[in-house]
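I begin with a definition and then turn to individual residues.

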Amino acid sequence: MKKNIFISIVILALFINCKQRTTAQLVTNKENDKAEKITASEVDGVISFLASDDLGGRDTGSEGLEKAAEFIEKEFKEYGIAPYFDSYRDSFEAKGVKTFNVVGFLKGTDVVLQKELVIIGAHFDHIGKGEEVDGDSIANGANDNAAGSTAVILLAKQLAKLKNNKRSVLFVLFGAEEKGLLGSKHLAKVLKDKEVNLYAMVNFEMIGVPLNDKSYKAYLTGFEKSNMAKKINEYVGAELIGYLPKAKEYQLFMRSDNYPFFQQFNVPCQTISTFDFTNYKYYHHVDDEVSEMNFEFMAELINGCTPAITKMLNTPTKEIKLN
């Protein structure tokens with residue numbers, strides 16, 4: 001009899017736990033539904049400006065980079081994303097040239113968890129000019145990395161609408177990535193000196209075209225270094241993020257703006273990308289144009305990442321950890 005009672009208690013406990021998880025997931029889904037999904041048209045509107053000829057390839061210190069920054073600041077203000085510093089500009093010097101990161105801030109809603117920080121980032125600079133092709137020398141940098149910048153800007157829009165982030169968020173558009181990750185190196189040190197409590201950093205790099213013949217939508221650099229990919233897939237209930245062997249072979253984990261934060265904080269800091277070495281041939285090329293981008297795919301990926309990041313910002317404990 002005692003054994004039967006014990007078994008009944010265990011079953012009841014499992015049932016209650018399952019029901020609580022289901023209820024929590026339903027609440028998360030309802031909260032995410034408050035914000036309309038990002039459309040391909042919205043993606044078009046952002047990336048088409050950032051990668052336009054008028055911005056001249058967004059080289060460090062250029063008038064085009066300044067125009068890009070002004071556009072990003074205007075978008076942040078419109079969404080209600082505050083400056084993290086006295087202004088949106090985090091200034092530094094890159095090989096003798098004055099430049100900056102653009103940093104927006106969305107304060108967490110929980111008095112305790114708001115002290116923990118998640119960074120959503122992408123670099124918005126590019127190389128300016130490239131080898132001339134048919135009279136065109138502007139390296140527009142649509143995929144590299146107006147695409148990733150578009151994701152950060154539109155995720156800021158979504159999360160500002162939801163207003164349900166218990167943890168605080170920095171939305172960062174890094175400068176001087178093309179000069180050697182200088183913007184992220186600078187900001188990582190600044191935040192380390194401020195002793196911020198960094199939970200994780202999610203970076204977006206070259207997400208403008210779909211992967212070739214993969215079951216997942218994007219891959220994560222440094223896949224094996226943490227459980228981030230596993231938790232993202234768990235949070236969205238689908239295989240959103242996968243493993244790309246080429247990313248490890250070419251050490252992409254150390255070649256984007258996630259890496260300086262990993263070095264400084266030793267927490268999960270990784271990059272989401274869809275460039276798989278077979279699906280895009282215009283890296284640092286003047287034909288890296290908006291016309292080559294897949295707006296529908298980009299919108300799907302951004303919308304897929306929204307609930308994962310929302311969950312990341314709201315779990316009672318830090319579930320994403322280094323392996």
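Entry 1. I note that buried means under 20% relative accessible area, exposed over 50%, and partly exposed in between (1.4 Å probe, protein chains only). By this rule Phe277, at 30% relative accessibility, counts as partly exposed. Tyr250 is also partly exposed, with a relative accessible area of 36%.

Entry 2. I record that this is a predicted model, in which local features need pLDDT of at least 70, side-chain atom pairs count only at pLDDT 80 or more, and totals for chains, interfaces and linings use all residues. Residues are numbered from 1 along each chain as its sequence is written, and side-chain values use heavy atoms, with hydrogens and water left out.

Entry 3. I looked up aromatic pairs: rings of Phe, Tyr and Trp (its six-membered ring) pair if their centres lie within 6.5 Å, and planes under 30 degrees apart count as stacked, over 60 as edge-to-face and the rest as tilted. The structure holds 14 such pairs. Why is the pair of Phe76 and Phe171 tilted? Their ring centres are 6.4 Å apart and their planes stand at 55 degrees, so the pair is classed as tilted. Both Phe76 and Phe171 are buried. Tyr250 and Phe277 form a stacked pair, with 4.6 Å centre to centre and 25 degrees between the planes.

Entry 4. I also found that Phe76, Tyr88 and Phe171 form one aromatic cluster.

Entry 5. I asked which ring the charged end of Arg89 sits over. The ring is that of Phe100, with the charged end 4.2 Å from its centre. A charge sits over a ring if NZ of Lys or CZ of Arg is within 6 Å of the ring centre and within 35 degrees of the ring normal.
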